[in-house]
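Subject: Structure handover

Hello,

Here is the structure you were expecting. My notes on it follow below.

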Amino acid sequence: MLIHPPRFWNMMARSYARRPVGNQAAYEYKLDFTARHLSPQDRLLEIGCGTGTTALIHAPNVAHIDAIDYSSEMISIAREKAKEQGVGNVNFEVSAFDCWPIRVKDQKYDAVLAMSVLHLVLDLDEALERVRGSLKEGGLLFSSTVCLEGMEKYAIPALGAIGLLPKIRVLSQEILVERMQAFGFSVEHKWRPENGSAAFIVARKGVGSR
Ligand SMILES: C[S@@+](CC[C@H](N)C(=O)[O-])C[C@H]1O[C@@H](n2cnc3c(N)ncnc32)[C@H](O)[C@@H]1O
């Protein structure tokens with residue numbers, strides 16, 4: 001791969017922070033759905049948190065959030081925003097998801113947020129295995145994933161495939177659901193805005209799965 005993904009996201013961070021959300025109504029739908037499933041005592045993990053917008057919105061709904069991203073620039077912006085907003089229960093950390101420790105028993109998370117990130121991880125199965133390991137039994141995964149099925153030859157996945165952009169996995173919603181089920185999740189909610197490329201999938205870690 002020619003491009004180094006964390007460096008790419010470092011370069012993008014300031015412009016990403018300024019850019020308005022692509023589909024505000026869809027973003028609000030996902031925020032609202034997620035918030036309705038959170039409790040004040042919950043501990044959350046957000047992977048690929050970017051500039052921290054989503055974690056900071058959910059902060060008042062939960063006890064604690066660990067929000068991680070492998071881009072140090074994204075995390076600097078997220079920390080600036082937390083300070084400006086006076087939010088004290090979000091721990092923003094620079095970390096790749098595959099380096100974030102899997103906690104033992106009662107330190108596992110009640111929910112994991114993966115917004116616009118599962119199509120970017122190098123190994124989807126490994127990421128799902130780590131999400132499962134991070135969650136308590138019955139814990140929820142909230143995910144929004146760009147699904148570009150049939151669009152392999154379009155510019156963004158094609159440039160990713162030759163290493164000029166971070167690699168984007170070309171997924172369909174069906175494959176994502178199938179992989180989640182293979183890792184012991186039961187899919188409780190699927191939603192995709194009309195003409196939208198991102199699939200919002202909420203899945204629960206099955207009782208008895210590791
Ligand atoms: C498209 S942005 C999404 C940011 C944010 N979740 C949002 O919805 O606005 C993807 C982010 O995921 C981060 N990322 C990608 N793969 C990652 C990984 N394996 N571990 C940690 N962060 C990752 C990138 O640095 C980038 O900030």
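Strand 2 (residues 64-69) pairs with strand 3 in the parallel sense, over five bridges. Pairing here requires at least two DSSP bridges between the strands; strands (E, at least two residues) and helices (H or I, at least four) are DSSP runs, numbered from the N terminus. Within this pair, D66 has N91 of strand 3 as its bridge partner.

Two points on provenance. The model is predicted, so local features need pLDDT of at least 70 and side-chain atom pairs count only at pLDDT 80 or more, while totals for chains, interfaces and linings use all residues. Residues are numbered from 1 along each chain as its sequence is written, and side-chain values use heavy atoms, with hydrogens and water left out.

The open sheet has seven strands in the order 3-2-1-4-5-7-6, with mixed pairing. Strand 3 (90-94) and strand 6 (185-191) are at the edges with a single partner strand each, so one side of each has no neighbour in the sheet. On average, neighbouring strands are turned by 15 degrees against each other, direction ignored. Axes are lines fitted to C-alpha atoms, for helices over the stretch in contact; angles run from 0 to 180 degrees between N-to-C directions.

The helices

Helix 2 (residues 24-36) lies across strand 4 (109-115), strand 5 (135-146), strand 6 and strand 7 (198-205), at about 10 degrees to strand 7. Helix 5 (residues 124-134) packs on the sheet and touches strand 1 (43-47) as well as strands 4, 5, 6 and 7; its direction makes about 145 degrees with that of strand 5. Contact means heavy atoms within 4.5 Å.

Helix 1 (residues 5-18) packs with helix 4 (residues 72-85) at about 35 degrees, their axes 7 Å apart. Residues making this contact include W9 and Y16 of helix 1 and M74 and I77 of helix 4.

The ligand

There are 17 residues around the ligand, of which Y16, G48, D69, F97 and M115 come nearest; the cut-off is a heavy atom within 4 Å. By class, this shell has ten nonpolar, five polar and two charged residues. Nonpolar covers Ala, Val, Leu, Ile, Met, Phe, Trp, Tyr, Cys and Pro; charged covers Asp, Glu, Lys and Arg; the others, Gly among them, are polar.

A backbone N or O atom of G48 is 2.7 Å from a ligand nitrogen atom, and one of M115 lies 2.8 Å from a nitrogen atom of the ligand. The protein buries 89% of the 590 Å² that the ligand exposes when taken alone (Shrake-Rupley, 1.4 Å probe).

Regards

Notes. Polar contact = N/O pair within 3.5 Å; in protein donor to acceptor, adjacent residues only side chain to side chain.
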